[in-house]
Amino acid sequence: MNITIDLAKKQDLTDTQIRALDSKLRTRITNLIGWAYSPLTGFLTLDFSDTEDNNMMNRLNDWMNKAEGKRLIRFEFLEMIKKW
Amino acid sequence: MVIMTPDYSALKFLSVTYQPPQETLLVTPITLPTSEPAVPQVSYTVMSGDLPSINISLYQKKYIGIVFGAGQFITAGTLYWRMEKNGVSVATGSTAITVNYRYTVQANFFNVTVNDVLEIALWSSVTDSNYYYKAYQIHLTRPLIFEPYWIMKPLELLIIQEHPVLTLGSPFVAGRRGYTIPHLDYSMGRFTGEFYGDATFPKGVLGMYQLGQGDEVNMDTAVVTQHATRCPLYNRNYTPTWTRCKALWVK
């Protein structure tokens with residue numbers, strides 16, 4: 001799962017500033033895997049890898065197990081739809 | 001009363017042939033520095049021969065430069081990276097890498113032209129991480145055969161290929177991105193196979209189709225993946241390589 005935030009600030013970062021931002025982000029967001037920032041757009045993308053996705057899939061699998069062999073047809077999350 | 005006469009163009013065929021990716025697997029890995037290197041480890045200059053071969057002249061086209069840098073962390077640490085185009089920073093970032101895992105940085109440079117220099121600088125929070133693989137390929141996106149504001153009737157994308165196809169190291173495809181068909185002010189959805197459109201109306205900027213990786217998503221930024229054994233671990237694009245269309249306009 002990725003989240004992109006518009007920081008509304010387009011600034012190139014030095015090595016020192018990258019490390020400072022990295023430290024600040026990881027302190028505040030404990031399950032953060034990685035991040036990317038573009039000085040061209042001012043967009044900051046936070047990468048949570050597959051952990052959050054897998055958590056959701058594990059919950060889906062749990063619900064499938066509780067369906068006692070009945071076939072799952074469709075799962076809707078916001079406007080996204082997964083069909084079997 | 002003015003009588004409008006619809007008119008069709010001749011049937012046009014767009015054939016796109018991708019160049020194979022340029023790959024280098026170092027025999028001896030290079031240790032990553034613990035501060036940003038003055039000279040990026042991965043560097044490619046876009047040459048005309050790197051561009052996909054196109055059979056006809058296009059009114060519009062954009063190229064995506066997809067550049068890879070990959071290696072391994074012996075102890076757990078943080079990988080830092082920077083994408084540069086012609087010496088100007090395009091994006092920066094970091095990723096926490098698990099002990100003994102291999103990492104792949106897939107940098108997507110949007111709107112590249114011949115003689116552009118595309119680079120990735122890599123450095124690490126620990127002293128025993130390395131870099132041993134690089135690759136590069138150019139993708140075509142947003143092609144437009146006719147001028148904008150003409151109705152494409154029909155628009156048919158008949159052959160779809162996956163690119164890049166990496167071969168060196170222990171390559172593994174992490175994901176595949178479909179292409180989208182712009183129509184008026186919205187997209188007709190994401191496609192991974194052939195597309196048959198009775199009538200579509202591209203408004204110019206996004207062309208007849210828009211690739212996923214490096215254009216619709218992850219434009220001018222990098223995706224970092226990691227795995228215990230797989231490297232490069234990367235994303236492919238579904239790329240239309242044979243398109244047939246006519247333009248309809250009213251005069």
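Predicted model: local features only at pLDDT ≥ 70, side-chain atom pairs only at ≥ 80, totals over all residues.
Residues are numbered from 1 along each chain as its sequence is written, while chains are lettered from A and ligands numbered from 1 in the order in which they are written.

**Chain A**

- Chain A comprises two helices and five strands, where helices (H or I, at least four residues) and strands (E, at least two) are DSSP runs numbered from the N terminus.
- Read from the N terminus, the elements of chain A follow the order β-α-β-β-α-β-β.
- The mean pLDDT of chain A is 85, and 92% of the residues score at least 70.
- Along the principal axes, the C-alpha atoms of chain A fill a box of roughly 55 × 25 × 15 Å.
- Of the 84 residues of chain A, 11% count as buried, meaning that 20 or more other C-beta atoms, placed from the backbone, lie within 10 Å of the residue's own.

**Where the chains meet**

- In all, 16 residues of chain B are in contact (C-beta atoms, placed from the backbone, within 7 Å) with 15 residues of chain A.
- On the side of chain B that touches chain A, β7 (77-85), β8 (88-97) and β17 (221-227) of chain B each supply at least two residues.
- The most comes from β8(B), with eight residues.
- Strand β2 (residues 34-37) of chain A runs antiparallel to β8(B), and four bridges join them; strands pair if DSSP finds at least two bridges between them.
- Opposite A:G34 stands B:T95 in β8(B).

**Residue B:Q210**

- B:Q210 lies in the loop between β16 (195-197) and β17 of chain B.
- B:Q210 counts as buried because 20 C-beta neighbours lie inside 10 Å.
- Beyond its neighbours within four places in sequence, B:Q210 is in contact with residues including B:T141, B:R142, B:Y179 and B:E216.
- The C-alpha atoms of B:Q210 and B:I181 are separated by 6.5 Å, although the two are 29 residues apart along the chain.

Technical notes: Contact = placed C-beta atoms within 7 Å. Buried ≥ 20, exposed ≤ 12 C-beta atoms within 10 Å, placed from the backbone. pLDDT = per-residue confidence, 0-100.
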